[in-house]
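Me: I'd like to learn how to read helix packing in a model. Can you walk me through it, starting from a single residue?

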Amino acid sequence: MKKLVLGALVAMAFIQPMNAQERQGNGHRQMDPQKMLEFRMQRLDKELDLSENQENKIKAIYDEHFKQVPKERGSRKEMMKRNQELNQKIKEELTDEQKKKFDEMNKKMHRRGGKGQRNHHGPRN
């Protein structure tokens with residue numbers, strides 16, 4: 001029984017530091033940029049029915065964006081500006097119909113407060 005308890009304590013000692021490494025300085029988990037890229041590309045392709053050429057161009061835009069983000073942590077205002085620039089670059093690769101869908105996708109996400117983010121505006125009436 002003592003060995004079992006000791007083993008559990010040792011396992012917990014190793015698990016806690018691994019979890020801490022997955023978190024950013026603010027305590028939130030940070031998704032691997034490659035996984036984030038795959039997730040976003042799947043979502044865009046599903047919603048916008050991207051051509052292969054569009055997929056390649058947008059993937060390159062995201063690759064560049066994710067390379068810059070860890071280097072350029074800044075204020076919320078700066079992050080919002082970078083995201084607006086990212087969205088503008090993506091929209092340049094879309095058809096007019098896809099742009100409308102893309103704008104609607106972003107509106108839905110902002111209304112929900114973003115995936116995994118708290119809505120700081122209080123309850124809706």
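This is a predicted model: local features need pLDDT of at least 70, side-chain atom pairs count only at pLDDT 80 or more; totals for chains, interfaces and linings use all residues.

Me: Is His 65 buried or exposed?

Reply: The cut-off for buried is under 20% relative accessible area. His 65 comes out at 12%, so it counts as buried.

Me: Which residues does His 65 touch, leaving aside those up to four places away in sequence?

Reply: With those set aside, His 65 touches Arg 82, Asn 83 and Leu 86. Arg 82, Asn 83 and Leu 86 belong to the H4 side of the contact between H3 and H4.

Me: Okay, how do I describe a pair of helices like that?

Reply: Here's the general idea: two packed helices are described by the angle between their axes and the distance between the axes. In this case, H3 covers residues 52-68 and H4 covers residues 76-91. Their axes come within 10 Å and cross at roughly 165°.

Me: What does that angle say about how H3 and H4 run relative to each other?

Reply: An angle over 145 degrees counts as roughly antiparallel, and H3 and H4 are therefore roughly antiparallel to each other. As for handedness, the crossing of H3 past H4 is right-handed.

Me: Which residues make the contact?

Reply: From H3 you have Ile 58, Ile 61, Tyr 62 and His 65. H4 brings in Arg 82, Asn 83, Leu 86, Lys 89 and Ile 90. Sort them by class and you get five nonpolar, two polar and two charged residues.

Me: Can we try another residue in H4?

Reply: Take Asn 87, which lies in helix H4. Its relative accessible area is 22%, so Asn 87 is partly exposed.

Me: What does Asn 87 touch, again not counting residues up to four places away in sequence?

Reply: Asn 87 touches Phe 102 and Asn 106 on that count. Also look at Asp 103: it is 16 residues from Asn 87 in sequence, while their C-alpha atoms are 9.1 Å apart in space.

Me: What share of the contacts with a separation of 6 or more comes from residues 24 or more positions apart?

Reply: That share is 51% in this chain.

Notes
Residues are numbered from 1 along each chain as its sequence is written. Side-chain values use heavy atoms; hydrogens and water are left out. Axes are lines fitted to C-alpha atoms, for helices over the stretch in contact, and angles run from 0 to 180 degrees between N-to-C directions. Helices (H or I, at least four residues) and strands (E, at least two) are DSSP runs, numbered from the N terminus. Angles under 35 degrees count as roughly parallel, over 145 as roughly antiparallel, 65 to 115 as roughly perpendicular and the rest as oblique. A crossing is left-handed if the near helix is turned anticlockwise from the far one by less than a right angle, and right-handed if clockwise. Contact means heavy atoms within 4.5 Å. Ala, Val, Leu, Ile, Met, Phe, Trp, Tyr, Cys and Pro count as nonpolar, Asp, Glu, Lys and Arg as charged, and the others, Gly among them, as polar. Buried means under 20% relative accessible area, exposed over 50%, partly exposed in between (1.4 Å probe, protein chains only).
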